[in-house]
Each structure stands twice: as structure tokens, then as C-alpha cells.
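Dear colleague,

Here is the structure I said I would pass on. My notes on it follow below.

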Amino acid sequence: MKEVVILGGGYGGMNTLHGLLDQIPEDVHITVVDRNPYHSLKTEFYTIAAGTESDRHARVDFPEHEQVTYVFDEVEKIDTENEAIIIKGGEKSLPYDYLLIGLGCEDNYHGIEGAREFTESVQTFSKARSAGFAINNLGAYGKVTVVGAGLSGIEVASEVRESRPDLNIRLLDRGDTVLKAFDSKIQDYVEKWFKDNEVEVIHGANVEYVEKDGVCNNGVCYLNDVTVWTAGVRPNFLVRELPFEKDDQEKVIVNDFYQVPTHQNVYVVGDCASSEHSPSAQLAGQQGEKVADVLNAVLRNRVPERPSEVKLKGALGSLGKNDGFGNMLQKPMTGVLPRLAKSGVLWLSKRH
């Protein structure tokens, strides 16, 4: 049997798995390793943090197949020399002939004192639950600070505002406008939304350190009950430890087939793979589909066709349940339409 191991049941891993199951040869066995016994819809973690949706809203059951085995545990090491995955505790290892790494990312604290210890996060399901517990257990007029005004920070801050109108919410933005990767029309719209909904936005932020009950920014320390960190990510630590060539963001450099050039039986997708595109669920999903096409050829001892270029369809974001923004049909759009489109994408994702 040819052993295929998929590390990570996220968007890249799941699209690879579905692509392989469409036409899996009889001599292939697949093992999927993930810490959770379900596919996590990471794009919806902000709703868990805000308390506006239940866990079930953000998870999908893994597909069942007689040639697929699941291991729900933490990975301790990726041993590329011996072509094996060491599971937490070191008592169990999984040999592989082909490996897909789709372990995603983790928060980048940029070496800021106290950030790791005293902030909440939306990078994993368990951390989003922790953030939701902390925020929704606050009494009236509690203070919440969100650090980072990219897509994640915007969605967390706006969803918390809608969920808890009594709270005092502050958004710390390093730049001179929110959502620096988006069109100015969208930036202006989101800035106005926050102003209208009494979310304080502080631009030019430079967080110096974080304490249990406060955030110190540019010499000013704000008293605070909960701090949510959304100020950057980096690849999973297991990927950063690999002896592969990486770019300046610590992502593994891959060839046109998403293979590691020196280990062509190892494929890398999503937040762990070097790319000209910014990290996103859409990017990881498309890469996973392309890896499935490559592996379907390789597993049949055929020469794979070079994958086509990734073509992203734009980005969508929410401002609560009834408002949103995004790039649709290569045009910046705001209001109800992009919010409905985001809900539609989620509906399709759950039924893939």
C-alpha cells in the first residue's frame, strides 16, 4: 500500500482529500492528522469569539471512507529523514510515502512582552472558545481591545460590537487606515461603520507591551479587561523547524507542483507555503485541489501536468450579520450584498 499522510484538516488538507477520494486507487491508504475530530471553518472563528454562533456553526464532519484513517492528536515532529510523523508523546509514528503539510499558521507576537501570555486569539478553535468565554463573561461596560486592523481584527471587533453593545471596544491599528490590503472605498466605509457604532479606532499604534489588565501603546497604557490579538501570523512551529529552504516569512519554498524541491514526495499548501498571494482559506483550498490533481497522477505512476495558476475570486468580510465589504467581480463593494455573498460561500463550503 502507498501511504499518504495529510497533516491538517483545514481548507488545503480537506480539498486535497476530497480530490483524492474522487478516484482513489485500491493500493492507496490515506491518514489525516488533526487535533480536532472535525474540519474547522477558521473563517468563522470570529463568531465563536463574539458569542454570536455556536461551535457547530464553524465545523463540518470529515468524510468517511474505507481507505481513510483519522488520527485526532497533536503532531510532535515531522521527521523527513525517516519519512515519518511523530505523534505527541513520541509513542506513535506514522510512516508516509507521500506527505501533505497543511498545518496553517499561529499568532505572530513580534517579540512584544506579555502578548503571548495576556491576549486572547482566534487562530484555533480552542483559542476562539477561550476568547468567547472571556468576552462574554464580562460585566456591563467592560473594556475590550482588539490589536490589529486586518480582516480578522475588523470582523472580531464588529461582531463583538453587535453581540455586546454595552461593551467599550477599542481597535489598535498600526497603519493610517484599517484594512490596508483593500480598496480605499472599503477602508472609508469600514472606518465610518466603526465611528457610527462607537468603536474607537486608534491609528499609528505601536504596542510596547501587554499586561493582564491593560495594553501600553505609544507610551499610553489603556486599562483593559480583554485583549484580542490579531496582529499578524506566522507558519506553524512544526513547519518552521523543517530543514527546508524558506522565504523571509518562514514559509517553505515549493516548486510549481507544490512540492519541496529537495523532497518531492512532500507537498506544502496554505499558510505554510511560500506564495505571492496573502494567506486565505480560498488560497489554501485552491492549492489543495491542485495538489490532489498532481497526486492522482503520481499515485498512478504518471507524469503530472503542471498546475494552472491560482485565480482568487476576491475577499469578503463581515461587519456584523447584516453588513459587509469585499472585492466582487474585481470591484470594491460594501453593504448587504457582500455580506450575503459571504454567507453563500459559507453555505457552499459546508456542503462541499
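Asp27 and Lys2 form a salt bridge, with 4.0 Å between the closest N and O atoms. Asp27 sits in the loop between helix H1 (11-21) and strand E2 (28-34), and Lys2 in strand E1 (residues 2-7), so the pair ties together parts that are 25 residues apart in sequence. Please keep in mind that this is a predicted model.

A second salt bridge joins the side chains of Arg129 and Asp55, at 2.5 Å from N to O. Arg129 belongs to helix H4 (residues 125-136), while Asp55 is in the loop between helix H2 (45-50) and strand E4 (59-60); the pair therefore ties together parts that are 74 residues apart in sequence. Arg129 is partly exposed, with 31% relative accessibility, and Asp55 is partly exposed as well, with a relative accessible area of 22%.

Asp61 and Arg56 make a further salt bridge, their closest N and O atoms being 3.8 Å apart. Here Asp61 is exposed, with a relative accessible area of 56%, and Arg56 is partly exposed at 42% relative accessibility.

In total, the count comes to 15 salt bridges. Some of the charged residues are linked in a network of salt bridges, made up of Glu106, Arg234, Arg240 and Glu250.

Next, the charged surface. Glu113, Glu117, Glu211, Asp213 and Asp225 form a negative surface patch. Of these, Glu113 is located in the loop between strand E10 (105-107) and helix H3 (115-118). Glu113 has a relative accessible area of 60% and is exposed.

Strand E11 (residues 143-147) runs parallel to E17 and is joined to it by four bridges. Within this pairing, Val147 stands opposite Trp229 of E17.

Regards

Methods. Residues numbered from 1 in each chain as written. Predicted model: local features only at pLDDT ≥ 70, side-chain atom pairs only at ≥ 80, totals over all residues. Heavy atoms only, no water. Pairing = 2+ DSSP bridges. Helix = DSSP H or I, 4+ residues; strand = E, 2+ residues; numbered from the N terminus. Patch = residues over 30% accessible without salt bridge, like charges linked within 9 Å, V, L, I, M, F, W, Y side chains within 5 Å. Areas by Shrake-Rupley, 256 points an atom, 1.4 Å probe, with all protein chains shown as cover. Lys, Arg positive; Asp, Glu negative; His and termini not counted. Charge placed at Lys NZ, Arg CZ, Asp CG, Glu CD. Buried < 20%, exposed > 50% of the residue type's maximum accessible area, 1.4 Å probe, protein only.
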